[in-house]
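Reader: Could you take me through this structure? I would like to ask about a few regions in turn.

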Amino acid sequence: MKTENVNVLLLGSGGRESTLAWKLSQSPRLGKLWIAPGNGGTDVYGENVAIKPTDFPAIEAFVKANGVDLIIPGNEDPLVEGIYDYFEASQVDVLVAGPSKEGARLEGSKDFAKEFMSRHSIPTARHLSVTPETYNAGVDFLETLQSPYVLKADGLAAGKGVLIIDNLDDAKRSLKEMLDGMFGKSSATVVIEEFLSGIECSVFVLTDGNGGYRVLPVAKDYKRIGEGDKGLNTGGMGAVSPVPFADEVFMQKVEDRIIRPTVDGLKAEGIVYRGFIFLGLINVDGEPMVIEYNVRMGDPETEVVMPRLQGDLVQLLVNVARGDLAGEPLTIDPEAAVTVMVVSGGYPGDYAKGKVINGLENVSDSTLFHAGTSRTPDGEIVTSGGRVIAVTSRGETLEKALERSYRSVALINFEEKYFRRDIGNEFI
């Protein structure tokens with residue numbers, strides 16, 4: 001790869017990709033930035049191109065035609081489907097900032113992730129993987145657990161493959177239904193887990209696959225649609241960073257018991273992993289435990305992590321993809337960041353699209369990261385998804401950042417707009 005400006009192709013279309021595009025566009029090393037396919041706000045930072053993130057031949061043709069130096073997969077699908085391996089096997093001179101297909105199994109297979117944690121003594125909930133042939137063993141394991149019961153589809157299920165059930169008989173019945181195809185092939189294997197009680201947070205790590213890693217700002221997101229964490233799960237209704245309980249003592253435990261064993265375990269097993277590791281953690285009486293791995297940045301956590309990350313993201317990801325983070329600094333801004341997600345009425349159920357969004361030009365205290373938006377031929381921004389815009393603000397304290405975000409949310413309007421009013425309240 002040439003050493004001057006870096007041409008980047010970012011894959012994805014959500015709020016996470018908007019935020020990454022915003023951060024990448026600030027780099028003095030950035031040449032051209034393309035976002036595939038992007039959304040109604042990403043074209044401010046680069047050029048949107050109509051390519052599906054899992055269409056590897058189309059991506060290859062675009063890389064060759066446009067001199068792309070670095071591919072950054074935003075979401076998990078291209079990683080789980082093997083984009084790293086595809087380009088590793090090709091004759092194209094391009095870097096991919098992401099794990100191999102085998103490494104992406106940390107997210108693509110709950111069973112694989114649990115077995116990896118077992119092999120490397122990484123703290124997580126008691127669990128058992130069940131197939132149709134071992135259903136009776138699954139029933140026996142359920143009977144050893146206390147209510148509620150957690151059932152997880154092994155494979156990717158568009159964020160819908162987890163059931164938390166209070167009644168034992170209902171759990172047994174749901175286990176059978178999952179194995180019989182409730183989530184298609186994703187639940188051909190089901191992981192039964194002990195329920196863990198505590199408060200969750202998201203820890204993000206960049207690793208170069210050779211033992212080098214950097215810990216990014218910690219965040220906490222809010223998944224439920226309703227205030228007080230009630231109602232259906234969503235992709236995320238907001239996030240805060242830093243997380244007050246993730247103090248030095250807690251994070252030292254995370255590094256010693258989870259991050260290092262994960263990074264070292266991947267290397268020891270010969271799994272190529274150069275990219276983000278997302279640790280979904282739970283704080284159980286001061287002890288960190290892993291709920292899940294993801295192999296990319298979270299959304300809406302990215303919207304509060306990237307604004308606190310100081311330095312050159314292009315250079316950082318080039319070094320990650322080259323397998324050499326040695327000597328590459330990473331500095332975190334001490335200011336707090338908060339994001340409040342403005343969503344379509346009806347989400348996460350059925351919702352209308354194409355609603356004209358007004359007031360975006362009036363926002364000055366916050367940064368707007370578009371998620372489910374598109375731009376009409378005459379330039380209007382309209383809704384095109386459930387989660388529409390992430391409103392992110394910074395401040396000396398979480399309280400000041402929250403005040404700014406909610407002031408900005410009030411300036412944005414579209415029909416049936418909805419947002420949670422209690423993001424970060426437990427920390428104020």
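Predicted model: local features only at pLDDT ≥ 70, side-chain atom pairs only at ≥ 80, totals over all residues.

Reader: Let us start with the open sheet of 4 strands. What is the order of its strands?

Author: The order is S11-S10-S16-S17, and the pairing is antiparallel. Strand S11 (213-215) and S17 are the edge strands, since each pairs on one side only. From one strand to the next, the twist averages 30°.

Reader: How many bridges join S10 to S11?

Author: S10 and S11 are joined by 3 bridges and run antiparallel. Within S11, Tyr213 stands opposite Thr207.

Reader: Which strands of the sheet does H9 touch?

Author: H9 packs on the sheet and touches S10, S11, strand S16 (275-284) and S17. The direction of H9 makes about 40° with that of S17.

Reader: And where does helix H11 lie?

Author: Helix H11 (residues 313-322) lies across S10 and S16. H11 runs at about 70° to S10.

Reader: Turning to helix H6, which of its residues are buried?

Author: In helix H6 (residues 110-119), the buried residues are Lys110, Phe112, Ala113, Lys114, Phe116 and Met117.

Reader: What covers the buried residues of H6?

Author: The cover includes helix H5 (105-108) and helix H9 (248-268). Strands contribute as well, among them S6 (127-130), S7 (149-153), S9 and S17 (287-294).

Reader: Which residue with a positive phi follows H6?

Author: Ser121 follows H6, and its phi is positive, near 55°.

Reader: How many residues of helix H1 are buried?

Author: In helix H1 (residues 15-24), 10 of the 10 residues are buried, so H1 is largely enclosed by the rest of the structure.

Reader: On to the surface. Which residues form a nonpolar patch there?

Author: Val162, Ile164 and Phe195 form that patch, and together they have about 250 Å² of accessible area.

Reader: Where is Phe195 found?

Author: Phe195 is in the loop between strand S9 (190-194) and strand S10 (199-207). With a relative accessible area of 35%, Phe195 is partly exposed.

Reader: Leaving aside its neighbours within four places in sequence, what is Ser408 in contact with?

Author: With those neighbours within four places in sequence left aside, Ser408 is in contact with Val363, Asp365, Ser366 and Val391.

Note on methods
Residues numbered from 1 in each chain as written. Heavy atoms only, no water. Contact = heavy atoms within 4.5 Å. Buried < 20%, exposed > 50% of the residue type's maximum accessible area, 1.4 Å probe, protein only. Helix = DSSP H or I, 4+ residues; strand = E, 2+ residues; numbered from the N terminus. Patch = residues over 30% accessible without salt bridge, like charges linked within 9 Å, V, L, I, M, F, W, Y side chains within 5 Å. Areas by Shrake-Rupley, 256 points an atom, 1.4 Å probe, with all protein chains shown as cover. Salt bridge = Lys/Arg side-chain N within 4 Å of Asp/Glu carboxyl O. Pairing = 2+ DSSP bridges. Axes fitted to C-alpha atoms, helices over the stretch in contact; angles between N-to-C directions.
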